[in-house]
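Student: I would like to learn how to read a sheet and the helices packed around it. Could you take me through one example, step by step?

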Amino acid sequence: MLTSISGRSVIVTGASKGIGKGIARVFADQGAKVLVVARTLADAEIAAAEMGSGASAFSADVGDWDQCQAMAAAAAERHGGIDILCANAGVYPQTNIDEMDPSEWDLVLGTNLKGNFLSVKACLAELKKSDQGRVILTSSITGPVTGFPGWSHYGASKSGQLGFMRTACIELAKHGITMNAVLPGNVVTEGLEGLGDDYLRTMAASIPLKKLGVVEDIGFAALFLASREANYITGQTIIVDGGQILPESLEALE
Ligand code: NAP
């Protein structure tokens, strides 16, 4: 049993759908005050409404500095500060290098990597005031551990998040703030379903547990990293992938 995080102020970016929504719901179920952030306000409002009175919606693009500052100000005003930032928003268009427009590279890096930097920077002043400041990044196995055609930009962004974390967590440590990353494998979300049935079926077959993850699998890992019990863990990664990175060959899965 983890010490309660009831009443803590949490920002979850990319929380109108998918993994972010799952993280936000897990925190809201524990009595946290959750700011549900996405670019599309209507979607964020629907998601927040499903989570009860402790959650409210905010529209911000994590790739935009002014909007990240407005997001942090909204959490401080509505919830009296910021204790936990879950920097989860990310995009993953799938395009091989020879067909990739340079603007797509900028979009992916701007959202997934620069978006982490801007979100952390915007929340830092409030996180410093917390007695248990936490930053939890949603990275991926893709990039830090594995590769997949069409995701060179995505893999670079997800590996970059860990490089950012390993220095940022040292800077944040002097303020008592920890920073860790969850690396999901393949988790059923609106975004992943967009990749098609063939992708989902073959991916499930490549996973030792023989199924894709659900968003709560990531939410509970984030909840642990946000807990008092994880007080002494910083700059680390937790892979949540059903064992996907482990098989050395197809034979290993038989
Ligand atoms: P998703 O279902 O496509 O949902 C993405 C969420 O992020 C939506 O709420 C979207 O809302 C928001 N978003 C996108 N761009 C944004 C921006 N610039 N600023 C603010 N919000 C933004 O995605 P997902 O599958 O849940 O993935 C979420 C995170 O998990 C990503 O970082 C992804 O890389 C990571 N991940 C996912 C998987 C997986 O299997 N699903 C595996 C490994 C890692 P708006 O469009 O309205 O902004």
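Student: Which residue in strand 7 stands opposite Leu183?

Tutor: Strands of a sheet pair through backbone hydrogen bonds, either parallel or antiparallel. In this predicted model, Leu183 stands opposite Ile239 in strand 7, and 4 bridges join strand 6 to strand 7, which run parallel. Two strands count as paired if DSSP finds at least two bridges between them; strands (E, at least two residues) and helices (H or I, at least four) are DSSP runs, numbered from the N terminus. Residues are numbered from 1 along each chain as its sequence is written. Local features need pLDDT of at least 70 and side-chain atom pairs count only at pLDDT 80 or more, while totals for chains, interfaces and linings use all residues, and side-chain values use heavy atoms, with hydrogens and water left out.

Student: How many bridges join strand 5 to strand 6?

Tutor: Strand 5 (residues 134–138) and strand 6 (residues 178–184) run parallel and are joined by 5 bridges, with Met179 in strand 6 as the bridge partner of Val135.

Student: What is the strand order of the sheet, and which strands are at its edges?

Tutor: The order is 3-2-1-4-5-6-7, in an open sheet of 7 strands with parallel pairing. The edge strands, each pairing on one side only, are strand 3 (55–59) and strand 7 (237–240).

Student: Is strand 6 mostly covered or mostly uncovered?

Tutor: Strand 6 is mostly covered, since 7 of its 7 residues are buried, where buried means under 20% relative accessible area, exposed over 50%, and partly exposed in between (1.4 Å probe, protein chains only). Thr178, Asn180, Val182 and Pro184 point one way from the strand, whereas Met179, Ala181 and Leu183 point the other way. The chain reaches strand 6 from strand 5 through helix 6 (residues 152–173), in a right-handed β-α-β crossover; right-handed here means that, with the strands pointing away from the viewer, the path from the first strand over the helix to the second runs clockwise.

Student: At what angle do helix 5 and helix 6 pack?

Tutor: Two packed helices are described by the angle between their axes and the distance between the axes. Helix 5 and helix 6 pack at about 15°, with their axes 11 Å apart; axes are lines fitted to C-alpha atoms, for helices over the stretch in contact, and angles run from 0 to 180 degrees between N-to-C directions. Helix 5 is therefore roughly parallel to helix 6, as angles under 35 degrees count as roughly parallel, over 145 as roughly antiparallel, 65 to 115 as roughly perpendicular and the rest as oblique. Asn116, Phe117, Val120 and Leu124 in helix 5 meet Gln161, Phe164 and Leu172 in helix 6, contact meaning heavy atoms within 4.5 Å.
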